[in-house]
Amino acid sequence: MGASKIINYSEEELLIAKFAKALSHPARVAIIKLLLQKQSCVCGDIVDDLPIAQSTVSQHLKELRNAELIDSLELPPKIVYSLNMINYQKFKNILNLN
C-alpha cells in the first residue's frame, strides 16, 4: 500500500471545497436562487416552487445548513430558512463572482 501524503490545505481552499460540495446538486443551487429572490421561506414554500418532494427538499436544506450557506430559525411548528449572506458573500468573493 502506498504512503499517505499529508497536505495542508489553506482555509480558503477548504472553504471553497465545503461550499462547492454543498452546491454540487442542481436542486441546492435552485434553493439558493429561490432564497435570494424571496429572502426567507419555509420548506413548504420551496416544495411549492420546485418539482421535488418535501423529504428531498428537507435533505437538501440540511446539506446547505451543514455548509453554513443557509440559516434556519425555528418558529414552531415551522422552520424559516434564509441565505447566510456573510458566507454567500465569502463564496462569491473567493470565486470573484462579484
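What does the accessible surface of the protein chain come to, and what share belongs to carbon and sulfur atoms? The accessible surface is about 6,800 Å², and 54% of that belongs to carbon and sulfur atoms. Accessible areas come from the Shrake-Rupley method with a 1.4 Å probe, and for residues only the protein chains shown count as cover.

This is a predicted model: local features need pLDDT of at least 70, side-chain atom pairs count only at pLDDT 80 or more, and totals for chains, interfaces and linings use all residues. Residues are numbered from 1 along each chain as its sequence is written, and side-chain values use heavy atoms, with hydrogens and water left out.

## Overall layout

The protein chain holds five helices and three strands. Helices (H or I, at least four residues) and strands (E, at least two) are DSSP runs, numbered from the N terminus. In sequence order the pattern is α-α-β-α-α-β-β-α. The C-alpha trace spans about 50 × 35 × 25 Å along its principal axes.

Of the 98 residues in the protein chain, 29% are buried. Buried means under 20% relative accessible area, exposed over 50%, and partly exposed in between (1.4 Å probe, protein chains only). Consider the contacts with a separation of 6 or more: residues 24 or more positions apart account for 52% of them. Contact means heavy atoms within 4.5 Å.

## The sheet

The three strands form an open sheet in the order β1-β3-β2, with antiparallel pairing. β1 and β2 stand at the edges with a single partner strand each, so one side of each has no neighbour in the sheet. Neighbouring strands are turned by 30° against each other on average, direction ignored. Axes are lines fitted to C-alpha atoms, for helices over the stretch in contact, and angles run from 0 to 180 degrees between N-to-C directions.

Two strands pair if DSSP finds at least two bridges between them. β1 and β3 are antiparallel and share three bridges. β2 and β3, also antiparallel, are joined by six bridges. Some of the facing residues are listed here.

| Residue | Opposite residue in β3 |
|---|---|
| Val42 | Val80 |
| Ile70 | Leu83 |

On this sheet packs α4, which touches β2 and β3; its direction makes about 115° with that of β2.

A hairpin of two residues joins β2 to β3. Pro77 lies in this loop, between β2 (70-75) and β3 (78-83). The peptide bond from Pro76 to Pro77 is cis, with omega near 10°.

## Two buried residues

Val57 lies in helix α4. Its relative accessible area is 0%, so Val57 counts as buried. What does Val57 contact, leaving aside neighbours within four places in sequence? The partners are Cys43, Ile46, Val47 and Ile52. Val57 and Cys43 are 14 residues apart in sequence, and their C-alpha atoms are 7.0 Å apart in space.

Asn87 belongs to helix α5 (residues 85-94). With a relative accessible area of 8%, Asn87 is buried. Residues up to four places away in sequence aside, Asn87 touches Phe19, Glu68 and Leu69.

## Positive phi in loops

Glu68, a contact of Asn87, lies in the loop between α4 (54-66) and β2. Phi of Glu68 is near 65°, a positive value in a residue other than glycine. Is Glu68 buried or partly exposed? Glu68 is partly exposed, at 42% relative accessibility.

Gln39 sits in the loop between α2 (26-38) and β1 (40-42). Gln39 is not a glycine, yet has a positive phi of about 75°. The relative accessible area of Gln39 is 58%, so this residue is exposed.

## A nonpolar surface patch

Which residues form a nonpolar patch on the surface? They are Ile7, Tyr9 and Leu14, with about 330 Å² of accessible area together. Tyr9 is found in the segment before α1 (11-22). Patches are made of residues with over 30% relative accessible area and no salt bridge; like charges are joined within 9 Å, and nonpolar side chains (Val, Leu, Ile, Met, Phe, Trp, Tyr) within 5 Å. A salt bridge is a side-chain nitrogen of Lys or Arg within 4 Å of a carboxyl oxygen of Asp or Glu.
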